[in-house]
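Colleague: I would like to learn how to read a structure. Please take me through one, feature by feature.

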Amino acid sequence: MTEVAFHFNAPDKLAYACRFARKAFKRGLRVVVTGSAADLQALDRMMWALGPTDFVAHALADGDPEVVAVSPVLLAVDPQSVAPRDMLLNLGGQIPPGFDQFEKVIEVVSSSDEQDRQLARTRWRQYAADGYEIVRHDLVLKENA
């Protein structure tokens, strides 16, 4: 069964996704990041702006098929449009379609956007109702530890 983890209190969801993708990339994991097209475009620009030692090999899922095939990090509005990877990082407000094809789903939740927090509560209840055990990571507590 897919492992579901919520990462709460992200001050900037896109910056957090960028750091998360970088760490996963360095660990050799293959990740799909999903969210709105606008968020994924912004994330793509952020990843290209990283310094040379922080580069994250990535591609937009609707890009050149040869590049998509070899990219360890894919940015996909529809995660079902790409082959399953090790992890799915969700920046969107709904449970992503096909999430159960991934070993692990990471739900990123804003620290300040109340609508995002409310949508996360709804997703949490849906996952729990479907029998998924949920791991909770409070990013504020992590920073203070």
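Modeller: We can begin with overall size. The radius of gyration is taken over C-alpha atoms, and the globule rule is 2.2 Å times the number of residues to the power 0.38. For 145 residues a compact globule would have a radius of gyration near 15 Å, and the protein chain has 14 Å, so the value agrees with the rule. Along the principal axes, the C-alpha atoms fill a box of roughly 40 × 30 × 25 Å.

Colleague: What kind of model is this, and how are residues numbered?

Modeller: It is a predicted model, in which local features need pLDDT of at least 70 and side-chain atom pairs count only at pLDDT 80 or more, while totals for chains, interfaces and linings use all residues. Residues are numbered from 1 along each chain as its sequence is written, and side-chain values use heavy atoms, with hydrogens and water left out.

Colleague: How many helices and strands does the protein chain have?

Modeller: Helices (H or I, at least four residues) and strands (E, at least two) are DSSP runs, numbered from the N terminus. The protein chain has 5 helices and 7 strands. Read from the N terminus, their order is β-α-β-α-β-α-β-β-β-α-β-α.

Colleague: How do I read the length of a helix?

Modeller: The expected span is 1.5 Å times one less than the number of residues. Helix H1 (13–26) has 14 residues and reaches 20 Å from its first C-alpha to its last, close to the 20 Å expected. Helix H2 (residues 37–48) has 12 residues and reaches 17 Å, close to the expected 16 Å.

Colleague: What share of the 145 residues is buried?

Modeller: Buried means under 20% relative accessible area, exposed over 50%, and partly exposed in between (1.4 Å probe, protein chains only). Buried residues make up 47% of the 145 in the protein chain. H1 is mostly covered, with 10 of its 14 residues buried; among them are Leu 14, Ala 17 and Phe 20.

Colleague: Which residues of H2 are buried?

Modeller: An α-helix has 3.6 residues a turn, so residues three or four places apart point the same way. In H2 the buried residues are Leu 40, Ala 42, Leu 43, Asp 44 and Met 47. Their cover includes H1, strand S2 (31–34), strand S3 (58–60) and S4.

Colleague: Is Val 77 buried or exposed?

Modeller: Val 77, in the loop between S4 and S5, counts as exposed because its relative accessibility is 52%. Val 77 and Ala 38 are 39 residues apart in sequence and 9.5 Å apart in space, C-alpha to C-alpha.

Colleague: And how should I read contacts over the whole chain?

Modeller: Sort them by separation in sequence. Among contacts between residues at least 6 apart, 64% join residues at least 24 apart.

Colleague: How many aromatic pairs does the whole structure hold?

Modeller: A pair of aromatic rings is described by the distance of the centres and the angle of the planes. Rings of Phe, Tyr and Trp (its six-membered ring) pair if their centres lie within 6.5 Å; planes under 30 degrees apart count as stacked, over 60 as edge-to-face and the rest as tilted. A search of the whole structure finds 9 aromatic pairs. One of them, Phe 6 with Phe 8, is stacked, at 5.6 Å centre to centre and 20° between the planes. Both Phe 6 and Phe 8 are buried.

Colleague: Which charged end sits over the ring of Phe 8?

Modeller: A charge sits over a ring if NZ of Lys or CZ of Arg is within 6 Å of the ring centre and within 35 degrees of the ring normal. Here the charged end belongs to Arg 136, 4.5 Å from the centre of the Phe 8 ring.

How values were computed: Contact means heavy atoms within 4.5 Å.
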